[in-house]
Structure formats: structure tokens, C-alpha cells
Amino acid sequence: DAPTGIAVVIVGAEDSTNSIVVVPGANAELTAADVEDASAIFDGASVLLCQMEVPPETTLRALELAREKNCLSVLNTAPVPPGGVPEALIRAADVVCPNEVELAELAGVPGESTKTLEGALAAARVLLDRGAGTVLATLGGDGALLVEADAAVH
């Protein structure tokens with residue numbers, strides 16, 4: 001019994017960068033027990049897409065169940081919460097999907113560094129070192145960068 005959550009994306013007029021304003025509402029009330037109660041939904045599922053608008057422990061349980069059911073899991077790291085994305089989530093997701101700003105924040109590098117392909121690749125490799133299996137970074141007008149341990153595709 002909570003109000004509906006909402007997220008609004010604000011896009012800059014001059015440079016097309018975006019900011020996300022989140023009012024969690026009912027999203028903040030979702031628990032790991034709720035995910036557990038709905039676990040039958042994973043039967044036969046092929047992909048789980050998560051984001052950071054629900055409590056991290058809730059997202060972690062969903063990622064764990066996806067792995068148990070051989071369901072590919074994708075963690076969109078938006079919006080990155082204060083303090084960053086917990087390590088357990090990065091390790092539990094099959095694919096971690098940050099945008100270029102989030103990629104820099106999660107890798108602990110200056111924001112400008114991920115604006116080049118080389119910088120984005122280096123930051124993605126930091127996430128691989130932290131336990132991400134695959135990183136799919138969205139780079140705005142520059143497309144996307146898929147990075148795995150032995151390959152990178154832009």
C-alpha cells in the first residue's frame with residue numbers, strides 16, 4: 001500500500017546528456033521474499049532484466065533465482081544508488097549494463113575518461129575484474145561496447 005514509483009529522464013538540450021530523477025514509491029517496498037513468492041515466473045524464462053529502482057537485496061535475489069533457473073540475467077545499473085552498485089549484484093548478473101557516466105562511476109575513474117572508446121574499454125575491464133561476466137556499456141551517440149574477458153566489440 002504505497003504510491004506508484006516513477007522515474008523521469010531529463011535530457012540536456014545542449015549536449016543530450018541525461019539525468020534520472022527517481023521517486024521510488026512502491027518500488028522501495030518490494031522485498032526478496034516477494035521475489036521468492038513469485039519464483040515460479042522464472043520457470044521457462046530465458047532473460048531477466050533488472051535495474052536499480054528496487055532495493056539491492058531484492059534485485060540480488062532475482063539475479064540468484066535467474067542463475068538457478070539458467071535464465072540469462074541483465075543488470076541495468078541505472079540509477080546508480082548513493083554508494084554505488086553492490087559488488088554482489090555485479091558478480092550475480094550475467095551482463096552488467098551501465099551507460100558511459102555510470103561506467104565511469106562504477107569503475108572509479110574520472111567521468112571524462114569513458115567518453116573515448118579506449119577509456120570506456122578500460123573502465124569495462126575494471127568491472128570484469130570486479131566479477132562481471134560481461135559488460136554492455138551504452139555510449140550515447142557512440143553506440144554500445146560489449147566487453148568479455150577475451151573479446152570486445154564496438
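1. The structure, which is a predicted model, holds seven salt bridges.

2. Asp94 and Arg67 join their side chains in a salt bridge, with 3.2 Å from N to O. Asp94 sits in the loop between α3 (87-92) and β5 (95-97), while Arg67 belongs to helix α2 (residues 56-68), so this pair ties together parts that are 27 residues apart in sequence. Asp94 counts as partly exposed, at 24% relative accessibility. Arg67 is partly exposed as well, with a relative accessible area of 43%.

3. A salt bridge also brings together the side chains of Arg130 and Glu87, at 2.4 Å from N to O. This pair links distant parts of the chain: Arg130 is in the loop between α5 (117-129) and β6 (134-138), Glu87 is in helix α3, and 43 residues separate them. Glu87 has a relative accessible area of 34% and is therefore partly exposed.

4. Lys115 and Glu100 form a salt bridge in which the closest N and O atoms are 3.6 Å apart. Glu100, at 17%, counts as buried, because buried means under 20% relative accessible area.

5. Salt bridges can also be connected to one another. In this model, a network of salt bridges links Glu36, Arg61, Glu64 and Glu68.

6. The most comes from β1, which gives three residues.

7. Val21 is placed in strand β2. At 41% relative accessibility, Val21 counts as partly exposed. A residue needs over 30% relative accessible area to be part of a patch, so Val21, at 41%, passes that cut-off.

8. For checking against the model, these are the points to look up: the salt bridge of Asp94 with Arg67, that of Arg130 with Glu87, that of Lys115 with Glu100, the network that includes Glu36 and Arg61, and the nonpolar patch to which β1 gives the most.

Key. Residues numbered from 1 in each chain as written. Predicted model: local features only at pLDDT ≥ 70, side-chain atom pairs only at ≥ 80, totals over all residues. Heavy atoms only, no water. Salt bridge = Lys/Arg side-chain N within 4 Å of Asp/Glu carboxyl O. Helix = DSSP H or I, 4+ residues; strand = E, 2+ residues; numbered from the N terminus. Buried < 20%, exposed > 50% of the residue type's maximum accessible area, 1.4 Å probe, protein only.
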